[in-house]
Amino acid sequence: MRWSETYIPTLREEPTEAEIISHKLLVRAGYIRKLAAGVYNYLPMMQRVLLKITRIVREEMDRAGAQEILMPVLHPAELWLATKRWEILGKELMKMKDRHLRDLVLGGTHEEVVTNLVRGELRSYRQLPLNLYQIQTKFRDEIRPRFGLMRSREFIMKDAYTFDADENGLKTSYQKMVDAYFRIFERCGLETKKVESDTGAMGGKAAHEFMVMVETDGGENVIFACDNCDYAANIEKAISIEPSEQESKEAEKPLQKVSTPNMKTVEEVTRFLNVPARKLVKTLLYKADGEVVAALIRGDRQINETKLKNSLEVIELEMADAVTVQRITEAQVGYAGPVGLKGVKLIGDKEVLNMTNFVTGANEDGFHLTDVNIDRDFKLDAVADIRSAAPGELCPKCEKGRLKTAQGIEVGNTFMLGTKYSEALNATFVDEHGQERFFIMGSYGVGITRTAQAAVEKFHDEAGIIWPVPIAPYLAEIVPVNIQDEKQREAALEIYHKMLDRNLEVLLDDRNERAGVKFNDADLIGIPLRITIGEKSLKEGKVEVKVRGSQATVSLRKDEVLEGFLKILSEIESTGKESTKT
Ligand code: ATP
Ligand code: MG
């Protein structure tokens with residue numbers, strides 16, 4: 001392709017709309033353009049990247065025995081009402097009405113539709129297992145669309161669904177998909193980490209996420225991994241062994257009310273009272289499906305809202321607003337405590353059970369209580385693990401290693417759904433004993449557009465993108481330093497045509513631009529190899545090949561450029577592969 005004939009609108013300035021580096025680069029390098037919040041155009045170069053990822057995904061799905069289909073984007077509301085996800089997904093579900101005022105959904109995932117598809121027709125255990133997948137545009141009205149293609153409202157996803165006769169079948173189907181996922185991302189040039197995750201609104205028993213680990217701010221997910229064994233989980237799910245469990249309890253002291261004027265935060269109160277934060281219990285008020293609950297957690301801990309939501313078994317959970325806090329505690333925000341708190345459910349973190357003589361708010365402006373004790377001073381309605389694990393804590397799996405945190409981008413995930421959807425939609429088959437049974441299902445997603453951007457977040461430098469070879473829009477970019485120079489133009493065209501004849505994907509920068517502009521653009525758009533044709537080297541019958549990633553340059557004879565180019569390409573591809581294995 002000639003640059004003059006394609007559409008690569010590169011920008012000199014940083015786009016103001018973008019926060020993270022990969023988003024900035026994709027806009028600056030002319031890959032994407034925003035239409036509305038979380039809605040993007042994919043320009044010619046982006047489309048090439050997406051097609052390459054799609055192709056890898058398709059090959060690996062087919063290899064794993066999955067069958068490609070294409071389901072509708074437009075869904076009748078009834079299916080979503082039947083599984084209750086109409087309410088559970090709430091505003092994230094893109095809803096609309098047709099001309100008859102019937103409710104419709106723009107699909108963000110297809111468990112309902114695929115279950116409905118096979119219901120009544122996939123009837124015998126002999127037809128199982130079955131794995132159906134599609135690659136399609138998905139719609140989700142995300143609360144905070146951001147970071148370009150990372151969290152958008154319209155995006156491309158590969159979604160697959162498995163149907164099995166029993167739990168063992170599901171395990172096998174699941175493992176096949178896990179293996180396929182590792183292969184997909186590795187083939188895209190991306191090393192991934194598989195971590196345990198919360199099943200969330202999807203439901204089901206177990207779930208894993210595939211994370212591209214990054215050192216930039218582009219990772220939306222915090223991952224905990226053991227430094228000794230293979231335990232890894234995202235922050236919503238991670239657990240740890242609490243050192244406090246081993247601590248011996250103090251004798252209970254008498255409860256006291258102390259003046260803490262204007263002291264509201266854990267830091268202010270503990271400094272004022274001269275106690276460590278671990279001797280205070282925070283009382284956090286939430287609205288859980290409309291009811292107020294108080295969550296108690298040690299002062300130096302972070303509440304984990306996913307765990308809290310799961311243990312309360314509610315759909316919606318949000319922090320109570322100041323007015324509600326004042327109504328319930330009869331005090332300003334900052335003075336809530338469990339003693340004497342009426343009309344709310346009290347749920348305590350497991351760790352709080354081991355605490356004695358702790359500090360809490362007094363439900364009175366300017367006062368706290370000290371030497372508070374559970375059971376003597378208040379009762380808990382429920383106890384659960386509702387805190388986030390903290391770095392440095394003991395691994396729950398090997399009980400030896402320490403948990404470390406890292407940032408990741410979730411590019412895919414897998415869910416063992418079980419019978420949640422087949423039961424809700426009454427989808428059954430007949431087993432070998434003639435018995436009606438619900439399908440045991442699994443569901444598996446890969447974010448195609450997110451994966452593309454994750455590669456940019458992972459591989460770039462100050463000058464621009466560095467595409468991994470397998471998903472780069474072109475393999476080579478030919479840059480004649482001066483296109484108006486007859487000799488340079490001829491040499492460029494000669495190499496260009498030779499490469500086209502060999503079906504090599506090549507971009508020829510035939511613009512009448514200054515060399516500096518073309519070199520900057522070449523670095524920005526990130527094609528793996530650049531072939532530079534300049535006056536001086538051409539006089540010696542040579543051209544220069546530059547590796548975008550390492551910046552290494554090799555001078556090659558013009559008539560040997562093709563062979564040399566292929567050799568360098570396979571070298572960088574295999575070193576790329578090596579680095580994804582570590
Ligand atoms: P997240 O926790 O990031 O919201 P999810 O659990 O909602 O993800 P799934 O429903 O399992 O994700 O979707 C499968 C894949 O689709 C994800 O792993 C991710 O790669 C991609 N994906 C999900 N939501 C978005 C989005 N808003 N924009 C782009 N890609 C997305
Ligand atoms: Mg989501």
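At 53% relative accessibility, Lys84 counts as exposed. The model is predicted. Lys84 sits in the loop that runs between α3 (77–82) and α4 (85–88). Its phi is positive, about 70°, although Lys84 is not a glycine.

Asn426 also carries a positive phi, here about 50°, and is not a glycine. Its loop links α10 (420–424) and β22 (428–430). Asn426 counts as exposed, with 52% relative accessibility. Most residues other than glycine have a negative phi, and most peptide bonds are trans.

The peptide bond between Leu128 and Pro129 is cis, with omega about 0°. Pro129 belongs to the loop between α5 (111–118) and β7 (130–139).

## Overall architecture

The protein chain holds 15 helices and 31 strands. Its C-alpha atoms fill a box of roughly 95 × 70 × 55 Å along the principal axes. The chain has 582 residues, and buried residues make up 53% of them.

## Surface and charge

The accessible surface of the protein chain is about 27,000 Å². Carbon and sulfur atoms account for 48% of that surface. The chain carries 82 positive and 92 negative side chains. The centres of the two sets lie 1 Å apart.

Negative charge gathers in a surface patch made of Asp289, Glu291, Glu316 and Glu318. Asp289 is placed in the loop between β14 (281–288) and β15 (291–298). How accessible is Asp289? Its relative accessible area is 42%, so Asp289 is partly exposed.

## A buried lysine

Lys24 lies in helix α1 (residues 21–28). Is Lys24 buried or exposed? Lys24 is buried because its relative accessible area is 19%, and the cut-off for buried is under 20%.

Which residues does Lys24 contact, leaving aside its neighbours within four places in sequence? They are Glu14, Pro15, Ala18 and Glu19.

## Residues to inspect

For the cis peptide bond, go to Leu128 and Pro129. For the negative patch, Asp289 is one of the members. For a lysine with a relative accessible area of 19%, see Lys24.

Methods
Residues numbered from 1 in each chain as written. Chains lettered and ligands numbered in written order. Predicted model: local features only at pLDDT ≥ 70, side-chain atom pairs only at ≥ 80, totals over all residues. Heavy atoms only, no water. Patch = residues over 30% accessible without salt bridge, like charges linked within 9 Å, V, L, I, M, F, W, Y side chains within 5 Å. Areas by Shrake-Rupley, 256 points an atom, 1.4 Å probe, with all protein chains shown as cover. Salt bridge = Lys/Arg side-chain N within 4 Å of Asp/Glu carboxyl O. Lys, Arg positive; Asp, Glu negative; His and termini not counted. Charge placed at Lys NZ, Arg CZ, Asp CG, Glu CD. Helix = DSSP H or I, 4+ residues; strand = E, 2+ residues; numbered from the N terminus. Buried < 20%, exposed > 50% of the residue type's maximum accessible area, 1.4 Å probe, protein only. Contact = heavy atoms within 4.5 Å.
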